[in-house]
Amino acid sequence: LSPIEDAVAGSNSAFNRPRSLSFCVATAFVAIAVLSVVFPTNGANGYIWGLGKFVVAAAAVSSIHSKKSPATKDTSSQSRGLGSKSFPAHNNERVLEDICTYNVEVLLDGCSQSAKIIAPAGRVVDVSITDRTSQQDKNDNCLTNNQATLTFPVTDFTEVLTFTGADATVVAAFDQWDWRCMQAVIGRPFVDSTGGSLQAMPLVPEIEKSESSMSALSWTSADTFVETKSSCTRNTTTHGRFLLGEDWTQRALGEHASVASFSAFSIALMTNQAPSDLVDDALRAGLDEVRHAKVSFDIASKLTGKEVGPGPLPPSKHEFGQDLTALALAVAREGCVDETLSAFVAALEVEHITSVLEKGVQDILYSSVDRFTLTSIRDELVTIATDESNHSALAWRTLNWVCDVDASACATVHRDVFGGRSLDTRLNQRADTPFGEKERVLRSMEGEWNKIFNAHRLIHSSLTDEPVSEYTCEESDNVKIGVDQDDQPLLTLVTDNILRRVSCS
């Protein structure tokens, strides 16, 4: 019992405890004696008669009390119950007969934490994060307040836990490759044999530059660096520029890691006797990522007002074996999905920047950037979107080769990467951008994705029984991609580039 319940139960049981016979008799005679004094008799016979009258009255009162007491006791004992609990009054003992029920909700990071649960019942619900906003703090100009709405929708995929006796049920953390745990970056993620995604930390050199800081600055171009007085000021416009600079710093680190990713990919291809054209394009893609990283660090330095470069990559472990299934899973996740979506996002971002430049659209990020810098960013993004579409095509070509030589590995990829919720979750993550209404962005990305995926299924017709439209190859193998070329959105041009390189190679 809680202290409050204990106090209530103790006080009530004192009022309802049954009275002993000696107590009742003594009380009756005391009452008679008092009444006899208050009302004296007239004569000897009257005294006895009066005493007898009060004895009868006292007995009657005692009888009435003894008959009503049990009812009063029962009512009192029920009134002590909290919820469905009751406390019997026999032998003056307090007994908790029913079980208390608690509904406990625990919010944890499923990408890094597991949980052991002992309970009669339970379930695991994935959180949905919506209405995210970012705003400069009114009192601290260098602090950004982030807000979001968390909801916990119960769906057909909600996991219902099974408990056996008093044993704990373990809710394991998500796998490293779970789409809900992967951070979206432009480029190809660098993953080692442990399954972890690795990238360097940003390095801002000191005033007196050391050897390591000079190495970091080799990833930026001194002639493109424009210094500002402060990366965090009271000016809201400058603050928006600073936020955009932090975003580009993360992009640059992702591109930097992609260089190592393509190096590892080249070794994996050669270990599994891939055709030479795939190895050649993988090495060229690594050089593309070097350029992307340098350009991205330049942009980050311009926007933040400080020279930014990469620190060293974390130590990593790699195992290169003759395993086509492992190769196919990696290329599908990192290339067919991640780099394809990266190309889409870059193309959509170009379209958004164009609307800011030409139509005066206001947003929280790009509206704070001067026209010259913003035009430069857009031009670089066009190049990045084009290169990422080439890298996406390399991934799809690699997967097509695996499907030609190992049907089992191909089927595993379609089940584990392209099937179920994983792909939908990844599309939703990448559609959540600050430069477009999510539903519109999601619909656009889904439409372009389906074109590419259908082309892959057409090449391997055994993968589907559904009719798939055929892509028409053009004569030219090198079509230049630009902003609003031939009045077509850049997103459409990026998709066409992937289809042409996959279907017509």
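So, the second largest pocket: H7 gives the most to its lining, with six residues. A pocket here, on a 1 Å grid over the protein atoms alone, is an open set of points where a 1.4 Å probe fits, with protein on both sides within 12 Å along at least five of seven lines, and lining residues have an atom within 4 Å of a point. Helices (H or I, at least four residues) and strands (E, at least two) are DSSP runs, numbered from the N terminus.

Before I go on, a word on what we're looking at. This is a predicted model, where local features need pLDDT of at least 70 and side-chain atom pairs count only at pLDDT 80 or more, while totals for chains, interfaces and linings use all residues. Residues are numbered from 1 along each chain as its sequence is written, and side-chain values use heavy atoms, with hydrogens and water left out.

Back to the pocket. How much space lies in it? About 600 Å³, where the volume is the space filled by probe spheres set on the points, and grid points are joined across faces, edges and corners. There are 25 lining residues, and the closest to the centre are Val191, Asp192, Glu319, Ala326 and Ala330. Besides H7, both strand E7 (190-191) and H5 supply at least two residues of the lining. By class, we have twelve nonpolar, seven polar and six charged residues. For the classes, Ala, Val, Leu, Ile, Met, Phe, Trp, Tyr, Cys and Pro count as nonpolar, Asp, Glu, Lys and Arg as charged, and the others, Gly among them, as polar.

Now have a look at Leu198, in strand E8 (residues 197-198). Contact means heavy atoms within 4.5 Å. Take Pro315: 117 residues separate it from Leu198 in sequence, yet the C-alpha to C-alpha distance is 8.8 Å. Is Leu198 buried or exposed? Buried, because its relative accessible area is 16%. The cut-offs are under 20% for buried and over 50% for exposed, with partly exposed in between (1.4 Å probe, protein chains only).

His256 sits in H5 and counts as buried, because its relative accessibility is 9%. Not counting residues up to four places away in sequence, His256 touches Ala200, Trp219, Ala293, Phe297, Pro310, Gly311 and Leu313. Arg251 is also in H5, and Arg251 is buried too, with a relative accessible area of 12%. Arg251 and His292 are 41 residues apart in sequence and 9.2 Å apart in space, C-alpha to C-alpha.

Next, the cores. A nonpolar core is a set of buried Ala, Val, Leu, Ile, Met, Phe, Trp, Tyr and Cys residues joined through side-chain atoms within 4.5 Å. The largest has 72 residues, and those with the most contacts inside it are Trp248, Tyr366, Trp396, Phe418 and Met445. Elements giving two or more residues to this core include H5 (236-271), H6 (276-304), H7 (324-359) and H8 (371-405). Which helix gives the most to this core? H7 again, with 19 residues. Trp248 is in contact with Ser296, Ile299, Ala300, Leu303, Tyr366, Ile377 and Leu381, leaving aside neighbours within four places in sequence. There's a second, separate core of seven residues, including Trp219, Ala252, Leu253 and Ala293.

Two loop residues before I zoom out. Gln273 is in the loop between H5 and H6. Its phi is near 55°, a positive value in a residue other than glycine, and Gln273 counts as exposed because its relative accessibility is 71%. Asp126 lies in the loop between strand E2 (123-124) and strand E3 (128-136), and counts as partly exposed, at 27% relative accessibility. Asp126 and Glu159 are 33 residues apart in sequence and 9.2 Å apart in space, C-alpha to C-alpha.

Finally, the whole chain. We've got twelve helices and ten strands. Of the 505 residues, 40% count as buried. Among contacts between residues at least 6 apart in sequence, 76% join residues at least 24 apart. The chain exposes about 28800 Å², and carbon and sulfur atoms supply 54% of that; these areas come from the Shrake-Rupley method with a 1.4 Å probe.
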